[in-house]
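Good morning, and thank you for coming.

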Amino acid sequence: MLKKIIIGIFKPKFLFRWIVKSKVKSCKGKLSVNGFSTVNKNTHLGYNVNFNGMKITGKGCCTIGDNFHSGTSCQIMTDYHNYDCGTRIPYDNTVIVKDVTIEDNVWFGNNVIVLPGVTIGEGAVIQAGSVVVKDIPALSVAGGHPAKVFKMRDIEHYNKLKEQKLFF
């Protein structure tokens with residue numbers, strides 16, 4: 001009932017943005033949150049970040065650069081259960097923390113999952129439904145499970161648009 005009242009008073013995207021802004025450690029500004037999204041307290045957001053349904057979990061730091069765009073139902077994890085050297089099977093209550101870095105001008109399709117310890121380079125595009133388990137180089141297009149680079153963006157065209165500050 002309370003949720004219906006709150007949504008009735010506030011437009012959902014304003015409520016979604018407030019939820020994210022109230023939890024992030026830092027945000028440079030111009031944040032757009034068009035779908036329910038949650039972040040951990042160690043999240044740093046650049047300028048012009050656009051979430052359409054993002055879940056950032058774990059105890060690690062997640063840094064997202066400027067001009068980031070996500071599709072719906074995306075996840076970034078910054079820790080995982082200790083299954084290898086723990087005191088219980090299949091895992092114990094300890095976690096291994098690894099930071100995640102998403103550089104400037106990155107675009108995620110729908111349902112992208114990023115595992116702990118990954119860096120995604122500037123200008124990369126991650127295909128819908130991908131699971132990113134290792135670093136993705138700048139200006140690459142990657143996809144699959146696990147995500148693999150299958151194409152590179154045109155660096156001259158990219159740099160020309162960047163120089164002209166033509167960001168979406």
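**Cysteines, core and strands**

C61 counts as partly exposed, because its relative accessibility is 21%; on this scale, buried means under 20% relative accessible area, exposed over 50%, and partly exposed in between, with a 1.4 Å probe and protein chains only. Before I continue, please note that this is a predicted model, in which local features need pLDDT of at least 70 and side-chain atom pairs count only at pLDDT 80 or more, while totals for chains, interfaces and linings use all residues. Residues are numbered from 1 along each chain as its sequence is written, and side-chain values use heavy atoms, with hydrogens and water left out.

To stay with the cysteines: C62 is buried, with a relative accessible area of 0%. A disulfide is taken as a pair of cysteine sulfur atoms within 2.5 Å, and a search of the whole structure finds zero disulfides.

I turn now to the aromatic residues. A pair of aromatic rings is described by the distance of the centres and the angle of the planes. Here, rings of Phe, Tyr and Trp (its six-membered ring) pair if their centres lie within 6.5 Å; planes under 30 degrees apart count as stacked, over 60 as edge-to-face and the rest as tilted. The structure holds four aromatic pairs. In one of them, F16 and F36, the ring centres are 6.0 Å apart and the planes stand at 80 degrees, so the pair is edge-to-face. F16 lies in helix α2 (residues 12-23) and F36 in the loop between β1 (26-33) and β2 (43-51), so this pair ties together parts that are 20 residues apart in sequence. Helices (H or I, at least four residues) and strands (E, at least two) are DSSP runs, numbered from the N terminus. Is F16 buried or exposed? F16 counts as buried, at 16% relative accessibility, whereas F36 counts as exposed, at 52%.

The rings of F51 and F68 also form an edge-to-face pair, because their centres are 6.0 Å apart and their planes are at 80 degrees. With F51 in strand β2 and F68 in the loop between β4 (62-64) and β5 (74-77), the pair ties together parts that are 17 residues apart in sequence. F51 counts as buried, at 0% relative accessibility, and F68 is buried with a relative accessible area of 0%. Ring pairs link F51, F68 and F108 into a cluster.

F51 leads us to the core. A nonpolar core is a set of buried Ala, Val, Leu, Ile, Met, Phe, Trp, Tyr and Cys residues joined through side-chain atoms within 4.5 Å. The largest one has 30 residues, and those with the most contacts inside it are F51, I64, I76, F108 and I120. Strand β2 gives the most to this core, with three residues.

Finally, consider strand β14 (residues 140-144). Four of its five residues are buried, so β14 is largely enclosed by the rest of the structure. Two strands pair if DSSP finds at least two bridges between them. Strand β12 (residues 125-126) runs parallel to β14, joined by two bridges, and V125 has V141 as its bridge partner in β14. Five bridges join β14 to the antiparallel strand β15 (residues 147-152), where K148 stands opposite G143. These two strands, β14 and β15, form a hairpin with two residues between them.
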